[in-house]
Structures are given as structure tokens and as C-alpha cells.
Amino acid sequence: MTSLAELVPTRGELREMVRLATPVVVAQVGLMTMGVVDTAMVGRVSADAIAATALGHIYWSNLFLFGLGLLLVLDPVVSQAVGARDSAAVRRGVQRGVVLAVCSTLVMSMALWGGEGFFRRLHQPPGVVPVTGAVLRLLIPGVLPSFLFVVARQSLQAMGRSKAVVASIVGANLLNVVLNWALIYGHLGAPALGAEGSAISTSICRWLSLAIIVVVDFDVLRPTLRPWDSASLAATPLWRMVRLGLPIAFQQWLEVAVFAAGGLVIGTFGAAALAAHEIVLNLAATTFMVPVGVSAAAAAMVGRAIGREDIVAARRDAVAALVVGVGFMLVATLLFTGIPAAIAGRFATDPAVIAMSVALLPIAGIFQVFDGIQAVSAGVLRGTGDTRVPMLLHLGGFWGVGIPLSLFLCFGLGLGPRGVWWGYVGSLVVVALLQGGRLRWRFQQDIKRLHLDETQEHEIVALD
């Protein structure tokens, strides 16, 4: 029986959680900022240019999200090896991450190359599709550095190193503004390339992000990459990593897709409703970056504790993550429900958009805490190596409950866009309860470290 004292995190553990989570939050917000800047700067060129940029970013994001989720398998693999002081396993884990990044790059690059045909089949505007195709092809050179950046970032987080992440994102954002200015509008002797210039800038900046994180922490990364371990190419351990990572990828996609589906439904209620939906969704996505950061930190800290066979510390780390992540989301709840009109007025001038935003913001505020619980719980479970069941819980909560509930409330009860958002609340409450229950059950088990190189019967993966 676990005593209450064993669950109370120390000040040091809380500080470490905040220290590791902060760079992830900055990185996620920085990536969002880069997309916003691209859209704003291309928007001065033409409607077709901004539409092509928007379609390109949507297509890229959905492809990249899946590869990103696959690479998050590095959280338990590397952090547990770090906790066990198993340098050989750390090296093989990072090198296998590189292999998965290269494979993901090949698949995503082919999908980007065929993007123009995809949008033609969807009957997108004829004037936009060719530009979108050019944008997607110009984004291909940035795929490999993007995935390698994730490998470096997740590996460094697992080792407790995160100083390079902020520097890389800040540097990339600054360069992106300069290159956009030159390549979109035709300054500094460059031709005016419009949306295509923004895509070139984005690819260059992704290489810069990778270069900064590698240079700043090269002393830490070099032992994990050299010498190359031939065992890192062994098929069976690689396949085990894929088996662990694919549920994470699906889990992330399931959550994003349910919000995208809601947007399609709300779009049927007119431009004002859709604009309000986008405003509130962007605000909710911004606050969500904090539990995302805490989730990553939790995966690293819990994984290290399991690696050194300190299950008591792993429990405290889990509690610390919930305190930090959910505590912040409670503040977001108070803001969204307390001053919705003041917030909406900052993002819109149209009275209809403001009115709908004011109606949706308190609903978004209600699910903030539950969103924090499910995100942090998923990160903790990932740190233990538990990925398949959390993915199934996401599937049941978001698609088994959220989508049907949103449609019923929206059309069946006539609540319109508010019904869609109340459906989000219902799904997040269910997912939070399920993931929280899974987390409680998991820590009542005998959690062992992952051993990818051992025989199948000794592989420790939380499956059932």
C-alpha cells in the first residue's frame, strides 16, 4: 500500500519538472508562432498565396504529426536507459531514433511530392493547387532536419538537458522573419517568390534549428552517435520501437482530428461561427502547450526513475507533473470563464464573431483542467512504456464519445457550435477519467525497464 508521504513530490522534483517542461512549451509556442508569421507575411501577397500556404501547412502538419508521435518512443527508451546508467542502450536508442527519422523522412517526402495531386482530387480552387504543390515540394528539404531535431530534442530531454531547445527555436524564428521578408517580397537581391519563398525560408530554418541544438549540446550527443553500433540496425529491436511508437502517433492524431472534424461541422453555420471557433481553438491550443511540455518532462523523469528501479520516485514525479500541469490549466479555466468578453475583444472586431467567441470561451474553460489531466497522464504512461492502451482510451473517448455527443448536441438538441464544444467537454472528461484510472492502475503494477534487445518474452511493454 502506497503511503501519502510517498506521493508528495519534493521541491527539487517540482523544480526539475518545471525546468524540463519550460523549453518544450517555448518550443511548441515557437513552432506555432512560425506558422502564424508565415501566414501573416504571405497574406500581403494575394488570396491565392495565403490559401496555398494554409493548405500546405495543414498537409505538412498532419503528416509530420504522425512521424513525431512515432519518435516520441524515445522518451521511455532513452530515459529508462539513462536512469539505469546503461550507456550502450542509450546509444542504441538514439541511433535507432535516427534510423526511424530517416525512414519517416522518405515516407513523408513522397507524400509531400504527391500533395498537388491530392488537392486536385479534393477539387480545391484551380488557381491555388499549383502553388500549393510547389510549396509542398519546397518543404521536402526541411523534412529530415525536422525529424532529426525531434530525435535530438527527445534524447536530450531524457538526459535532463534542455538548454539548446529554446536557443534553436528563437534563432529559427528570427531567421524566418528575415528570410520571409527577402524571399516573399523580393528584398536583398532575392526574387519575389510569394508563398514559395516562405516555403524555402521554412526549410532553411529547420536546418538551422537542428544545427543549433546539435552544436550547443554536441558534447552530450556525440557519445550517442559515435561510434555507430551495428546492433542499432537490427530489425527486431527496431520493430519493437515501432510497435511502441505507432500507438503514440495514432493517439496524437486521434486528438487533433476530432477538433478538425468539429471545425468542419461548425463551418456549416457560417463564417462568423467558424472564425470564432478558430479563435477559441487557437487560444485553447496555446494553453495546451503547457501540459504538453509537462507531459514531455514527466515522460523523461518517470522513465529515468524506472530505469534506476526507484518506483517511489516515479510516483512522486507523476504527482509533480499533475500538480504543475493541472495547476496551470486551472488558471486558464479561471481566465476563459471569468473574462471571455475581454479576451474575445483582443482577437476580433466583428460583433457576431465576438458574440460567438464569448459563448464558446467559457465552454473551453471548463475542459481545460480535464485536458491537462489527460495530457499529463499520457506523458507519465509513456514514460513507463505504456502506449497501446492509452491510444485505445483516446479512441474510445474522443471518437466513441466526443464525435457522437458533439453531433447530437449540435443538431439533435439544436445547440449549434456550442453543442460541438460541449461535445469536446464530454470527450475530454471521459478521456481524463480513463487515462487517470489507467495511470493509477499502472503504478500498482510491478513496472520494469524496457529491454528492446532482449528476447520477446523478456521485453517489458505495458500491453494489457
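The bend at a residue is the angle between two axes, one fitted to the seven residues ending there and the other to the seven starting there. A second term is also needed: helices (H or I, at least four residues) and strands (E, at least two) are DSSP runs, numbered from the N terminus.

Good morning. The structure before us is a predicted model, in which local features need pLDDT of at least 70 and side-chain atom pairs count only at pLDDT 80 or more, while totals for chains, interfaces and linings use all residues. Residues are numbered from 1 along each chain as its sequence is written, and side-chain values use heavy atoms, with hydrogens and water left out.

I begin with helix H16. Where does H16 bend? The bend, of about 35°, is at Gly402, and a proline, Pro404, follows within four residues. H16 has 25 residues and spans 34 Å from its first C-alpha to its last, close to the expected 36 Å; the expected span is 1.5 Å times one less than the number of residues. Just after H16, Gly414 takes a positive phi of about 70°.

Buried means under 20% relative accessible area, exposed means over 50%, and partly exposed lies in between (1.4 Å probe, protein chains only). The buried residues of H16 include Val389, Phe398, Gly402, Ile403 and Cys410. Against which helices do the buried residues of H16 pack? They pack against helix H11 (235-266), H15 and H17, where contact means heavy atoms within 4.5 Å.

Beyond its neighbours within four places in sequence, Ile213 is in contact with residues including Phe149, Leu156, Val165 and Leu221.

I turn to salt bridges, each a side-chain nitrogen of Lys or Arg within 4 Å of a carboxyl oxygen of Asp or Glu. How many salt bridges does this rule give? The count is 14. One of them joins Arg438 and Asp386, with the closest N and O atoms 2.7 Å apart. Arg438 lies in helix H17 (residues 417-442) and Asp386 in the loop between helix H15 (351-384) and helix H16 (388-412), so the pair ties together parts that are 52 residues apart in sequence. Both Arg438 and Asp386 are buried.

Another salt bridge links Arg19 and Glu16, at 2.9 Å from N to O. These two residues are three apart in helix H1 (residues 11-42), so about one helical turn separates them. An α-helix has 3.6 residues a turn, so residues three or four places apart point the same way. Arg19 is partly exposed, at 37% relative accessibility.

Asp446 and Lys448 form a further pair, their closest N and O atoms being 3.5 Å apart. Asp446 is exposed at 59%, and Lys448 is partly exposed at 42%. Finally, Arg91, Arg92, Arg96, Asp229 and Asp453 are linked in a network of salt bridges.

I close with the cysteines. A disulfide is a pair of cysteine sulfur atoms within 2.5 Å, and by this rule the count is zero. Cys103 is partly exposed, with 41% relative accessibility, whereas Cys410 is buried, at 2%.
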